[in-house]
Amino acid sequence: MAFLEVRNACYSYSKGTPFEIKALDNCSFSVEKGEYIGVIGHTGSGKSTLMQLLNALVTPDSGSVLLDGKDINADKKTARDTRFRVGLVFQYPEYQLFEETVSKDIAFGPTNMGLSAEDVHKQVLWAAQIVGLPDALLDKSPFDLSGGEKRRAAIAGVMAMKPEVLILDEPAAGLDPIGRKVIMEMIDKYRTSTGATVLLVSHSMETVAAAADRILVLNKGAIAMDGDVQSVFSRADELITMGLDVPAVTRIAVKLKNMGYPVDAGVYSVEEAAKMLTAVLRAKEGTR
Amino acid sequence: MKEQLLKFENVTYRYEDESEPALQSVSFGVEKGEFVVILGHNGSGKSTVAKLSNSIYLPTEGKVFVNGMDTSDENNEINCRKTVGVVFQNPDNQIVASIVEEDVAFGPENLCVEQKELRKRVDEALQSVGMYDYRMHETHKLSGGQKQRVAIAGILAMRPQCIVLDEPTAMLDPKGRREVMRAVRKLNEEEGITVLFITHFMEEAVFADRVMVMDDGKVILDGTPSKVFAQTQLLKKVGLDVPEVARLAAALRENGTDLGDVLTEDAFVQAFSRKMEG
Amino acid sequence: MIRDITIGQYFPGTSLIHKLDPRVKIVLTVLNIAALFLCRNFFSLLLMFVMSVVWVLLSRIPFKTILKGLKMILMILIFTAFLQIFYNDGGTVLWHPVENWDFKITTEGVFSAIFIAVRIVSLILLSTLLTYTTSPTLLTDAIERLLSPLKVFKVKVHSLAMMMTIALRFIPTLIEEIDIIMSAQKARGADLETGSLIQRAKALVPILVPLFVNSFRRAYELAFAMEARCYGGDEKRTRLRVMKVSARDIVMLAVTLVCLTAVVVTSFANVGGFILFERVI
């Protein structure tokens, strides 16, 4: 039995009106404990809907979502409990901060779980430490923090519930290279200290390839690819046709391959590409 | 030397409740027709430059000149804003009207452009950014990249000589980012509009004539893209990166193959195939 | 779902109704609505109903869309019709279940229920058609021009109109934002559906606070963007769309006036009226 499983899920917005939009079309996949999965797809590919499906914010029109073998939409209570087990960080989460102090805001989730005041406090401090927010900031108003700190506080608000599955929708959007790196490190820290499953939703193949072990590619509401990073990148030309943003080195490799050079078009890191291209050049020199 | 359209002279800017100035004695000029990119991490002061360049902010110390006009002189305000248009980061928060063409018309309407000319300007601006077919669409239903192109058209319709774009791609998906980049490059190359493009995406800087790097409210590097991106260590130190293609070329150089100054994918592919054939 | 709201939406088009001068359109809508309230018998009401349907047909807005807008008020419609049935006891008694009770259904009750229902439907048709066929900017521009005589009394008509334009522009954006904030807080276990009235009101805080904070941020950024585009609050700004009363406006105005006269005459002279509803008015 899989830990988290989606079975033949379909979902449409504005159902039964002329504006009906099919967001998910017969999606099936399963996720095991501790996996790090990258979910990619362009805007409108159904990524956001899929994420909300996994924590019962969206109920499938047909098909089902199972957590530990149980349907998460069985009843209202199960749906709500699922939200504490499957934590979802929305895009630009800092725009949802509302409390007087940072610590109170982080405590919102754990308090809703019905934990004791003591446990809530413990989890808040723990989450703040994972995201690297210094104690001095916890009593400040969240609206007085810098942009990057706000983002971290908001993510801590979900991490404080210690979900077994953590889903992050484009957590580094709008951040500069350092900010992006910090976020990725936070996610790693959360994974290693809880053993949680992580789903990282992103437009950027580069970010996903560097972090995840497995990639789900969404296209037009359906799962177009599902496999480890290597196998997904071996179909780089298809990814480009889907309009996805593959790393520049991959695009270069695909172009060189199309020109007839014996290169591996599935490379995605600069180091790997450099090694591969050097080998290709050496081999050519050898024949001369 | 060519004529300087935008000129910062020892500009210091301090936000009201901050002790540290956001800009510290910054000086630079942008020549007519140039495509200049300003790179810097969040909080490096690069966005303050945008608001200073058309007298939305006035320098605490020093002077900003637009076409020789001092921005701190109140009489120049409208002329400065007509000459230098600014496009902001969040596409949702700079669109005023519900219908595309009505939004594009907002600027020239404020300049009291008469109706016939107004119509012409709106249509031409929308054509320039490839949004003419969407002129009657509702603005809130557009994608991020489309909204941002409408915002650019809204500035174009005021017929500025220079456009300053303050992180216009930060909130967009890769497709939107490409759309905006393509539109901006076209304006610079085909219509000769001077561009000052502020961003933290390194790849967007490779097409520029000139790149300036900001850190801590100061300009720390200023030169051609290949010259700036050769400074790998310094860029790393200020929290920036080198574009992937440049990193790949550098890695190959270490392995003993020098492809020369390559920053774009096409240049790399060409240089590589030359090595293979030659 | 909250995103399905269509009130105040605009459906771009090129129909006769779309092309009417927005000022004329507003005046006609106001006149039509006034006439609707003057109807005193079925004949005049029928005339007004036919006129509303003709307007809908002329606008070429799909019937499906119109019906969707009407669906929103279905409950109100049933409720008011229901009340009418019970508050009227004139005419022939149709049903009187308990002898000593005051409760009975009479012909007059049924008629007035139908009368009220038709009147409300026509009212909704006419008023939604105005926003469906006029872009928000044009609508506020037209209101600005129509209200411009008020400037004599130092009313800031231009600022009011600008505020309306911006408000209309941001309604969809804010609806979308509320949707996201609600989902995000629900993901943190916010419970918006159960509990006492006070608990539910409290549960709104995590939604309203971010909504207000974000709106202020938006307003601040929008102000910069408007300044950068040379907005100075000046009434002398030119407009992309010039409003000109054309032949079609005159014709529509004339046709409407003829219809309205017919309504008034039939109402008060009770021409062709087989039942007179003095009380309904």
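Which residue is the bridge partner of Leu6(B) in E2(B)? Val30(B) is that partner.

## About the model

Here we have a predicted model, where local features need pLDDT of at least 70, side-chain atom pairs count only at pLDDT 80 or more, and totals for chains, interfaces and linings use all residues. Residues are numbered from 1 along each chain as its sequence is written, chains are lettered from A and ligands numbered from 1 in the order in which they are written, and side-chain values use heavy atoms, leaving out hydrogens and water.

## The sheet in chain B

In chain B, an open sheet of four strands runs in the order E2-E1-E4-E5 with antiparallel pairing; strands are DSSP runs (E, at least two residues) numbered from the N terminus, and two of them pair if DSSP finds at least two bridges between them. Its edge strands, each pairing on one side only, are E2 (23–31) and E5 (69–70) of chain B. Strand E1 (residues 4–13) of chain B joins E2(B) through six bridges in the antiparallel sense.

## Chain A as a whole

Turning to chain A, its secondary structure consists of 12 helices and 10 strands, with helices being DSSP runs of H or I, at least four residues. Its radius of gyration (over C-alpha atoms) is 21 Å, close to the 19 Å from the globule rule (2.2 Å times the number of residues to the power 0.38) for 288 residues, so chain A is as compact as a globular protein of that length.

Buried residues (under 20% relative accessible area, 1.4 Å probe, protein chains only) account for 55% of the 288 in chain A.

Terms used:
Buried < 20%, exposed > 50% of the residue type's maximum accessible area, 1.4 Å probe, protein only.
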